[in-house]
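Colleague: I am new to this one. Could you show it to me and walk me through it?

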Amino acid sequence: MSIDSDASRHAANRSPILLVGADSVTRDALRALCRTLCPPTCPPPAWAGTLAEADARLAHAAPSLVMTDVEMPDGSGFDVLDGWASRRDLNVVMCTARPGWESAVQALRRGASDYLVLPGDRQRAGEWIARASESVVAGDVAEASESPRAFARLLGKSVAMQRVFDALARVAPTDAAVLLTGESGTGKELAARAVHDLSARCDGPFLAVNCGAIAPNLVESEVFGHDRGSFTGAERRHRGFFERAHGGTLFLDEIAEMPPASQVNLLRVLETGKLMRVGGSQEIAVDVRIVAATNVCPEAAMRSGKLRADLYHRLNVFPVTLPPLRERGDDVVLLAQAMLDEVNASDGRPMQFAPHVLAALQRHDWPGNVRELRNFVQRVRILSQTSVIDSLPPPVSAELAQFPVRDDRTSVALDASLADLDRQVILGALAQCGGVKARAARQLGISLKTLYARLSQITA
């Protein structure tokens, strides 16, 4: 068996994925997934056609994922499990085109991270491949994400946030317009501030404007300014946000809430670099870097007529999406602790979370995202009568009892259907993880989004 020629051009210890097996159908399916899902900077997967080749590669390489066929020319994929599944930094996923109930149970008992039937389980296989390749991306941006000055209070160690940090660090040194999207409360203003702080404009002004908070008849005056006497009550000349942000960055939040007529004038300023105050007759040159944001889908806003297509395309030079808190795993605990420490320092009253309270915080979906979490941390700190916060008010209090801890053994009848097995494995993982969905998802080797989807199916 010859080693994949593309993989052989890379150092063995750089590839995060090792594919093991002699079945050409499985090999081609996995290679196609890797080409689709792995970023260009990620080395292609290595391939081993026999157990001997797999052992040799694993002995000298450091992949994070092994996907192995069950049947091998010189043994079985279970031999890979017995030899390497105990390594904490390695996930071993069994793949087969000829599934069997006994082999599935045996794989899980012997430490397999997952048991996939290909080509049917392509989505789950893709999730494993994407996760392994993401570890390379996360490593590449670790230095940027650890810089407290660069990202201020935009905290996070999850892969989703590492991608955000990488994107912001790449675009900040340029003058390109940035469009931030994401749900309300995900930290778009903090991201805009990070772009400013990492740019050559960092010594200039940073102005944040909520377009939805300005009365429609005042938008032109506030954004572009007005001259004295331009309208009733205009007793003096007023410099708008663009003039005041000259040489720096202007953050236009909720850009889809700006009146369409004002969007036309905004586009003109962005295209020409010049503006005219309301009631004025002279054009004024401005040098401003624009970061815009919206918590609605831009495409939907264009279809409804709230956002002009020409303005959207002018702002959407470099789009960045801020992930919701429910997709950030352990970042919930990281943020909650940082918020509590901040309040502790402000009044000198040290307080801490009980472990089961942190677990409950992580289980909650946080529809209001980081903003909701911050408010909740402040509230529970006020309500707590001791230095240890060991109880929570609704709605998070319901999470404390949602998944009681159970025995870590799961009994499965031999004639159980795959759907029953799937249900028991998911509920068992949740019980073992104390109901913390993010941890259960990692233990099951699936994304948090997939876990939510499966929970909705089995509880329907």
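Colleague: Thanks! How many salt bridges does a search of the whole structure find?
Modeller: A salt bridge is a side-chain nitrogen of Lys or Arg within 4 Å of a carboxyl oxygen of Asp or Glu. This is a predicted model, where local features need pLDDT of at least 70, side-chain atom pairs count only at pLDDT 80 or more, and totals for chains, interfaces and linings use all residues. Residues are numbered from 1 along each chain as its sequence is written, and side-chain values use heavy atoms, with hydrogens and water left out. Searching the whole structure gives twelve.

Colleague: Which residue forms a salt bridge with Arg314, and which parts does the pair tie together?
Modeller: In this pair the closest N and O atoms are 3.9 Å apart. Helices (H or I, at least four residues) and strands (E, at least two) are DSSP runs, numbered from the N terminus. Arg314 sits in helix 15 (residues 309-315) and its partner in helix 13 (residues 260-272), so the bridge ties together parts that are 43 residues apart in sequence. The partner is Glu271.

Colleague: Is Glu271 buried or exposed?
Modeller: Buried means under 20% relative accessible area, exposed over 50%, and partly exposed in between (1.4 Å probe, protein chains only). Arg314, at 26%, is partly exposed. Glu271 has a relative accessible area of 53%, so Glu271 is exposed.

Colleague: Where does Arg381 lie, and what is its relative accessible area?
Modeller: Arg381 forms a salt bridge with Asp347, with the closest N and O atoms 2.9 Å apart. Asp347 lies in helix 16 (residues 331-347) and Arg381 in helix 18 (residues 369-383), so this pair ties together parts 34 residues apart in sequence. Asp347 is partly exposed at 43%. Arg381 is buried, and its relative accessible area is 3%.

Colleague: Now the strands: what is the order of the open sheet of five strands?
Modeller: Two strands pair if DSSP finds at least two bridges between them. Strand 1 (residues 17-20) is joined to strand 3 (residues 65-69) by four parallel bridges, and to strand 2 (residues 46-48) by three, also parallel. Strand 6 (residues 91-96) and strand 7 run parallel, joined by four bridges. The order is 2-1-3-6-7.

Colleague: Why do the side chains of strand 1 fall on two sides, and which of them are buried?
Modeller: In a regular strand the side chains alternate between the two faces of the sheet. Strand 1 has both faces covered, with Ile17 and Leu19 on one side and Leu18 and Val20 on the other. Leu18 has Val66 of strand 3 as its bridge partner, while Val20 stands opposite Ala48 in strand 2. The buried ones are Ile17, Leu18, Leu19 and Val20.

Colleague: At about what angle does helix 2 run to strand 1?
Modeller: Axes are lines fitted to C-alpha atoms, for helices over the stretch in contact (heavy atoms within 4.5 Å), and angles run from 0 to 180 degrees between N-to-C directions. Helix 2 (residues 24-37) lies across strand 1, strand 2, strand 3 and strand 6. Its angle to strand 1 is about 165°.
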